[in-house]
Amino acid sequence: MNLLSPADHTLLLDLLALPTAGPLECGPGAPAPELWAAGRRYAEAAAALGFHVLHHAAAPPDCLARDDVPVLVRRTAAAQPEFLACQPSLVLALGPADAPHERTVMFNVHLDTVAGVEPVSFDGARFHGRGAIDAKGPAVALLAGLRRALGELPGLARDTRVLIQAVAGEEGGALGTFGTRPLVEAGHHGRLNVFCEPTGGRALTRCTAAMTALLSVHGDDAIDDRPAAGHNATVLLGFLAQHLAAVLDPELAPADGQLCVAGLHTGTLHNRVHGRGQLLLNLSYGAPATARRLERLVREAVDDGLRAFAAVFGRTRRFARTARDAPGIVRLEWLKRGLPVLGGDASPWLGALLERAAIPPWPAEEPGFTCDAIWTSGVAGAHCVVLGPGSLDANRAHAEGEFADLAELEGFAATVPRLLGAFRTSAPPAPPAACPPPSAPYAPFSSSPSSPSAPSSLSGEDFPMPLPNPPLSGFPAQAQAQARAQTSDGTVRLAYDDLLAFVTDVFVRCGVPAPRAATAAEALCYGDLSGMDSHGLANLTRQYLPLFEQRRTDPAAEPEPVTDLGAALRVDAHRALGLWAAAEAMDLAVERAEQFGIGLVSVYGATHFGCAGYHAARAAHRGLVGLVASNCGGQRIARPPGGQVTMLGTNPLAVAAPAGPHHPFVLDMSTTVVPTGRVRAAARAGRQVPEGWLTGDDGLPVTDPAAFDLGRAHLGWLGGTAETGVYKGYGLGLAVEVLAGLVSGSGLGPAPAALNGDGRPSGRDDDIGYLVAAIAPALLRPKEEFAADAGALFGSLLDCPPLDVASPVRYPGWPEGERARTRRATGVPISCRQYRELADVAEKFGLTTPVPLNRTGTGTGTDERAGADERAGADRAAHLDGVR
């Protein structure tokens with residue numbers, strides 16, 4: 001083929017000669033890796049093809065202040081001030097800076113290697129050297145393939161944006177936490193993302209992640225003449241290693257992940273009973289549910305192993321003390337856990353693209369492997385494939401004698417133009433130039449192609465916020481001005497996918513991991529999509545961004561099960577973003593329900609989660625019944641009937657269930673007459689509220705919504721008055737407080753501090769409690785019977801003869817489902833005021849405001865039809881005023 005030129009051969013030999021194993025691989029005291037030099041050498045070669053440096057810098061220290069960063073990474077960085085500074089990552093760019101995400105391809109290579117010096121050579125057919133197949137060989141072959149693509153595909157650099165990430169921090173167990181992850185979260189990705197790892201030229205769309213447990217013994221040493229006087233860590237850890245291997249091996253199928261029992265070490269002296277030692281256990285997993293199960297199994301297996309050790313060695317002469325004291329001197333610590341997985345992209349778009357490029361798939365029965373492609377999981381609009389030459393095993397990657405055959409590198413280079421050609425034919429045309437995306441995504445760290453100590457642009461606080469008005473080249477400020485100018489009157493409609501991607505990017509800029517940000521954005525946009533605008537985008541600037549700014553939510557928090565009984569769990573949310581954490585809790589409840597028939601997750605330490613119905617409906621979409629109840633933590637909004645001070649929050653309750661062929665049943669209600677969001681929405685719009693929502697101290701109804709926040713009116717309970725059943729709403733509110741707050745141990749509204757109130761709302765909605773439950777009817781009765789009965793139940797309601805044919809009978813969830821269906825097709829309507837707020841948010845975070853589809857009242861027939869569709873669909877049904 002001769003795609004790799006003599007200059008490419010020289011480049012690869014130069015890179016192989018540079019030692020680029022990082023501190024995690026080489027240990028303390030080792031020379032700094034020459035990653036700056038490797039990056040510059042690679043950038044020089046890419047410049048010959050037209051690439052320019054978009055970013056060349058070390059990651060900021062703040063990127064390590066997250067629970068999903070392995071403990072070893074954090075400890076090493078703390079002990080070695082130069083840890084990050086000597087491990088920069090590089091981003092190269094080719095093609096139009098204003099190309100949309102849909103016309104952008106990203107290739108990822110890593111320039112760091114595992115430790116161990118390998119002689120560098122090339123005999124005309126085979127390259128030898130550390131990183132020949134797992135790092136530097138594929139990186140050079142990629143450039144050769146791009147050179148061929150630019151020659152074979154005229155106009156490629158004019159209509160397609162190509163990014164290359166050449167990262168550090170892939171090896172040593174870092175898994176991209178300070179290399180690939182910050183770059184992806186800063187927006188350096190495309191619609192197609194190719195991670196160049198050895199796959200034998202086959203397309204792998206799933207990647208495992210790994211978790212590492214450290215089992216350590218902290219006992220007393222003894223001399224060999226008196227072995228019974230000390231603790232024998234060697235015997236104890238050896239026993240536990242065998243026990244863990246025997247217990248865990250049958251529990252982990254190859255398709256689920258791999259088990260590695262490794263690193264048992266106590267000491268080297270022959271005449272010493274070593275009382276201290278450690279055992280490392282590494283487990284890869286292909287799904288978050290598998291990770292949670294393995295974590296539980298490890299804890300249980302350690303406990304069982306300690307009991308078995310006591311039974312075997314408790315009566316021995318030399319090991320009795322070790323057996324007796326073992327539970328007190330053995331510690332289990334997780335050095336790495338909580339990493340995402342790449343679950344496999346089943347997108348027809350990606351499948352068709354790979355087929356057109358004649359790239360065979362990775363066999364379904366063959367286990368995948370772990371690489372930093374996991375950080376693209378959940379990124380909105382991004383598709384990922386792992387693809388590269390050679391094999392980790394056959395080419396002796398990470399081992400003595402690592403090599404890459406020239407024919408393998410040539411074969412991968414030949415794949416690149418086929419892949420880009422297929423991408424060009426599948427990518428949509430670029431949008432009009434009037435509203436282009438930003439020329440470069442805002443990266444939360446500075447870009448310096450030459451300085452090995454590139455400074456971070458973030459402060460050293462625990463949860464960094466992006467700098468306001470970041471310095472961006474190109475269109476952002478202009479785009480925001482256009483956005484504001486477009487909306488002097490009327491209402492705008494935004495494509496739902498554009499809105500979702502925008503909110504996802506906002507949450508990512510706030511420090512939320514991309515997959516979680518996507519879930520949180522979906523939960524927030526659900527409000528506007530389904531018509532519950534008071535709990536949608538309006539809360540982005542009023543609720544969630546202030547939570548980040550005030551450090552009341554931790555964007556990277558990892559909820560932690562503190563009690564796990566199988567069907568029931570108690571979880572400390574650690575102030576994680578509630579929009580995501582509640583969805584995760586429901587997914588966990590569903591997982592347990594599918595195993596036990598019911599799953600219950602009790603959560604404390606939580607934050608505001610948006611629409612309760614969104615989270616309950618996650619169960620219904622999987623054929624289960626979902627229930628969600630939430631108190632408001634320490635926030636007090638409503639008074640008990642006859643009381644002078646506020647004691648309880650709005651305490652929402654949601655129940656969702658499948659409805660056969662119809663929209664799911666979703667009851668989403670506050671236990672007060674309405675949630676506070678609807679009162680404040682009316683105040684912003686200058687509308688009066690109906691009598692019954694608010695009551696003054698004199699007991700008379702108040703219709704001015706502004707009176708609520710001024711303390712001149714308080715929120716009423718469902719039921720209205722004593723004569724009309726106020727104790728039903730009040731009782732429901734208390735029931736939610738018990739289920740969500742008292743059971744979980746979260747903050748409570750009714751508390752001694754509430755007695756000092758003045759009648760106005762008081763306290764903050766911190767330390768919120770949730771009760772999240774799922775029921776699996778298919779485990780209790782035949783699945784087909786349940787589905788048929790559900791369809792008949794809700795279908796009968798829809799068929800009920802109405803009193804007014806213009807207002808047909810509906811059930812909770814049907815109007816919202818119909819609205820969502822319409823708005824997905826015709827766009828989500830938001831007010832001009834709300835759109836201007838989004839423009840301000842976009843300018844602050846260096847994003848582009850979603851381009852309106854059209855303005856109602858001044859648009860074309862398409863927009864008029866959209867409004868007509870809504871009126872004929874969901875809006876003809878009575879709005880459920882109790883919806884939260």
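What percentage of the 884 residues of the protein count as buried? The share is 55%, where buried means under 20% relative accessible area with a 1.4 Å probe, protein chains only.

Please note that this is a predicted model, in which local features need pLDDT of at least 70 and side-chain atom pairs count only at pLDDT 80 or more, while totals for chains, interfaces and linings use all residues. Residues are numbered from 1 along each chain as its sequence is written, and side-chain values use heavy atoms, leaving out hydrogens and water.

The protein contains 25 helices and 30 strands; these are DSSP runs, helices being H or I of at least four residues and strands E of at least two, numbered from the N terminus. Of the contacts (heavy atoms within 4.5 Å) between residues at least 6 apart in sequence, 79% join residues at least 24 apart.

Six strands form an open sheet with mixed pairing, in the order 1-2-6-3-7-16; two strands pair if DSSP finds at least two bridges between them. Strand 1 (52–57) and strand 16 (383–386) are the edge strands, each pairing on one side only. From one strand to the next, the twist averages 15°.

Within this sheet, strand 2 (residues 89–94) and strand 6 (residues 161–167) run antiparallel and are joined by five bridges. Leu92 has Ile164 in strand 6 as its bridge partner.

Helix 5 (residues 136–152) packs on the sheet and touches strand 2, strand 3 (104–110) and strand 6. Its direction makes about 150° with that of strand 3; axes are lines fitted to C-alpha atoms, for helices over the stretch in contact, and angles run from 0 to 180 degrees between N-to-C directions.

Key
Buried means under 20% relative accessible area, exposed over 50%, partly exposed in between (1.4 Å probe, protein chains only).
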